[in-house]
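Trainee: I am new to this one. Could you show it to me and take my questions?

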Amino acid sequence: MPEPHTAVDEAVVDRTPADTFAAPIGITSAVPDTGRAEAEAAKRGIRRRMPKLTLKLASGLVLVVGITLFGIIAPFFTQSPTFSGNPSLQPPSADHWLGTTKLGYDVFAQLAQGTRGSLLIGIVAGSIALVLSVLFGVLAGYLGNWSDEILSLVTNIMLVIPGLPLVMVIATYVPGRSWLLVAIVLGITAWAGPAVVLRAQSRSLRAREYVAASRVAGERAHRVILVEILPNLLPLLTAQFLFAIIFAILGEAGLSYLGLGPTGSITWGTMLNDAQTGQAIGTGAWWWFVPPGLMIALLGAGLSLINFSIDEIINPKLRIAPEYTRRVRKAAREGRGVAVEGSIA
Amino acid sequence: MSAEPVLTATDVSIEYLVDPPVEAVKNVSLTLHRGEILGLAGESGCGKSTLAYGLNRLLKPPAMMSSGEVVFHDRDGHDIDVVGLDGEHLRAFRWDKVSMVFQGAMNSLNPVLSVKEQLDDVFRTHRPKMRRRERLERSRELLELVGVDPDRLTSFPHELSGGMRQRMMIAMALALDPQVMIMDEPTTALDVVVQRGIIREIMRLRERLGFAVIFITHDLPLLIEISDRIAVMLRGEIVELGTADDIYRNARHDYTKKLLESFPSLRGDRGDFIRTGAMPVASALTTSTEAV
Amino acid sequence: MNQPTASLEARNLVKEFRLRNGLKFSTLQAVKDVSFTLEAGRTIALVGESGSGKSTIARMIAKLETPTSGDILLDGSPSGTRGRALAAYRGDVQMVFQDPFASLNPFHSIEHHLERPIRIHHPELSRAEVRDRVLSLLERVRLTPATQFAERRPHELSGGQRQRVAIARALAPGARFIVADEPVSMLDVSIRLGVLNLLAALQREERLGVLYITHDLATARHFSDEILVMYRGEIVERGPADAVILDPQHDYTKRLLEAAADPERLGALRDEVRSAG
């Protein structure tokens, strides 16, 4: 009978000494008290699942929220992004904060509208990928058997089809490409990878005793998935959603740069495409291509920073690792009778 | 049994430098006599394993010994200060004088090396002058000692049953003819019949080879059956230390009594309150730590 | 047929697992033709070592696995396997799992764990009535003050307390039969008897039929009326608890008993190996 890893006595204690060292200090394990870390991560359910507000998370949030607000609000206060009555290729000035393009468009107005367009595409494509990956991944993992075989087969086929070329093929065949179409195409090509991860996770969750317990209690399959399994996948889903947004925005930028982007909409990608065809680099019009490029980089960085913070919830070892290493060094320095070499024999 | 000590621990305290620091072992003094089986009993988290790791210089940071002395009294009369050992001396001491059998044999054996190679490793590290032939002979002899067919020497850990793996671990611990073996729950994960076979083997080997054993487990009845003396640990302290007989028949500390009562008697009446309802439910639910 | 009205019967249960080894399939017979009848108010202990098939039987009775052949009868009639019939069966037969650290969802409060089975099996109850039942269940497993425990999450409770929540959850639908799969083996030794004692008290109060799965002969003897000893998927010995332990007939039972630690034999093993040289 293995002894339980956590709480020892009946007293309700937040952190008994046992919590901290009940797990035998294995010779091989790098972090002996993962049991505690896991318990800590689960602490107080959803409140505890919220990442702690670190500098990393704060800067990520500031970037993402700032860019989003800019995309929502700014277009109302700029001139029309397609008003071509301005003098062309003006450097930034009080009249035109970010200068003008070759056709006399105001870059700031374009950037505001482009932020809105890019974010829309990102969010729509991300949502599509999220729904599809949950549908295929979680169902395959939970149902098992034949349903798993079929769902996994579809997932694997989607996985091996190279995404961007497929998008390019679709994009060339469809004449009037609205931003929605581009978003759908990007979403459809992005769900397979996350689905594989979700399938593995749900399989392991399905084997947990609390899932069996809820089945014995009489819960129906959809409730088991929605209420018992999905909440425990939330951090992972959030991370995947954010990643899908980055992927879609970058994908759209790539497509637009190749001239296969949405027609009739302005995005960061179409701006870059315009700048390229208008020979912005050759004429030294940096104000034309730097703002959209910078926005893509900033949003990517912001989402990644948030993602790192979420990763630390999924894998608490990441969070405790720096602190743990510090304490290990301290103990090794001050402590007596500590094993210095790793091997025993 | 001689009363000559082989391992003496004085005022050992071990701390985990986590946040906040946890004192896992508090001022424990313990003497292990040559050739005796000393049982270390206690529930999970009482610090019994930590103490064992401390005695063998196996503490991994953030655990550290904050105070105390551990002295090993060698067969030839030399005393070795275990806490002060380092480098080459530590290597020469560990496994050679004091070896250890861990709880999970599967995690302690290397899955990609055969048993023979793993035994060879021990010999090559500690007995570099041994020849290949001697190593093989000694390995076969060890397997025979622990009751495994010597032809299993070339097996890999996953090809062995749980019981056999634990026997291999004991063979490895015996390899250098140590004077002390520390066994941390060596049979807890095994089925009772297999467990009994291994316990018998340990007892037999102890008679034959004369090493002392520190046997760590929460299974107090088992300890009473096999140990010479038993130390009962609670929250990092030894609350009672006595001969197995004393612990069983004249336990003084409340916690020892409580622990004894936790094991219903197989053939006797102790524990029949469950069936008869003689004990009020609430009182049976108060726990060791609250009761003490 | 003179069936007693309240009984849970396993009749000729067989469970085979198909194992795939590369392209080859082989069949593992985990349970071979096992029959027994559990009556209300009685406890049967199913004793055996790991791999003996005892947990597979528990999972079949709890309808987590489907028997390859054989029947499970509730009150003399075949039990449902799907839909409404299965739901009705679950209302009567519940399970307590081995690992209290895994059987409660870390995401949900204790109240959620108890409230769901009540809602599922008694949809007619109002919100306040459900809440009352939750609190009274907590009181019955001696988790007081109940209102405080209801709000807590599993990690805030100790192992023993969690297992008591698991017992309360099994009682929640109004179950008459409980399958307890090694309910105390993951708990610290000093609280095991307390939890078993609680289970026994509840059993007496409600005349529950309990199937106690364990590898521990001593608790099996004191906790149950009847013991079934399982070895490699078969029941090799069965009888009243005291008779099986004090006067074993089958060789395997004798071996199991011989191997169990017994402090009364203090020093006997040492003397034995010493005299054997």
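Trainee: What mean pLDDT does chain A have?

Mentor: This is a predicted model: local features need pLDDT of at least 70, side-chain atom pairs count only at pLDDT 80 or more, and totals for chains, interfaces and linings use all residues. Residues are numbered from 1 along each chain as its sequence is written, while chains are lettered from A and ligands numbered from 1 in the order in which they are written. The pLDDT is the predictor's confidence in each residue, from 0 to 100. In chain A, 79% of the residues score at least 70, and the average is 77.

Trainee: Which element of chain A has the highest mean pLDDT?

Mentor: Elements are DSSP runs numbered from the N terminus: helices are H or I with at least four residues, strands are E with at least two. Helix 1 (residues 17–21) of chain A has the lowest mean, 33. The highest mean is 92, and it belongs to helix 5 of chain A.

Trainee: How many contacts does the stretch 1–46 of chain A have beyond near neighbours in sequence?

Mentor: Two residues are in contact if their C-beta atoms, placed from the backbone, lie within 7 Å. The pLDDT is below 50 over residues 341–345 of chain A, a stretch with eight such contacts in the model. It is also below 50 over residues 1–46 of chain A, and there the number is 103.

Trainee: How is helix 5 of chain A oriented to helix 12 of chain A?

Mentor: Axes are lines fitted to C-alpha atoms, for helices over the stretch in contact, and angles run from 0 to 180 degrees between N-to-C directions. Helix 5 (residues 107–143) of chain A packs on helix 12 (residues 268–277) of chain A at about 130 degrees, with the axes 7 Å apart. Under 35 degrees counts as roughly parallel, over 145 as roughly antiparallel, 65 to 115 as roughly perpendicular and the rest as oblique. The angle therefore makes helix 5 of chain A, relative to helix 12 of chain A, oblique.

Trainee: Which residues of helix 12 of chain A make that contact?

Mentor: Helix 5 of chain A brings Gln110(A), Gly114(A) and Ser118(A). Helix 12 of chain A brings Trp268(A), Thr270(A) and Met271(A).

Trainee: How far apart are the end C-alpha atoms of residues 115–307 of chain A?

Mentor: The unreviewed UniProt entry lists this span as "domain: ABC transmembrane type-1". The span is 82% helix and 0% strand, and its end C-alpha atoms lie apart by 21 Å.

Trainee: What separates the centres of domain 1 and domain 2 of chain B?

Mentor: Domain 1 of chain B covers 5–97 + 180–291, and domain 2 of chain B covers 108–177. Such bounds come from an automatic or database domain assignment. Taken over C-alpha atoms, the centres are separated by 26 Å.

Trainee: Which helix of chain C gives the most to the side that touches chain B?

Mentor: Here 38 residues of chain C are in contact with 42 residues of chain B. The elements giving two or more residues to that side of chain C include helix 8 (217–223) and helix 9 (241–246). The most, twelve residues, come from helix 7 of chain C.

Methods
UniProt positions renumbered as here; feature names shortened; annotations may be inferred.
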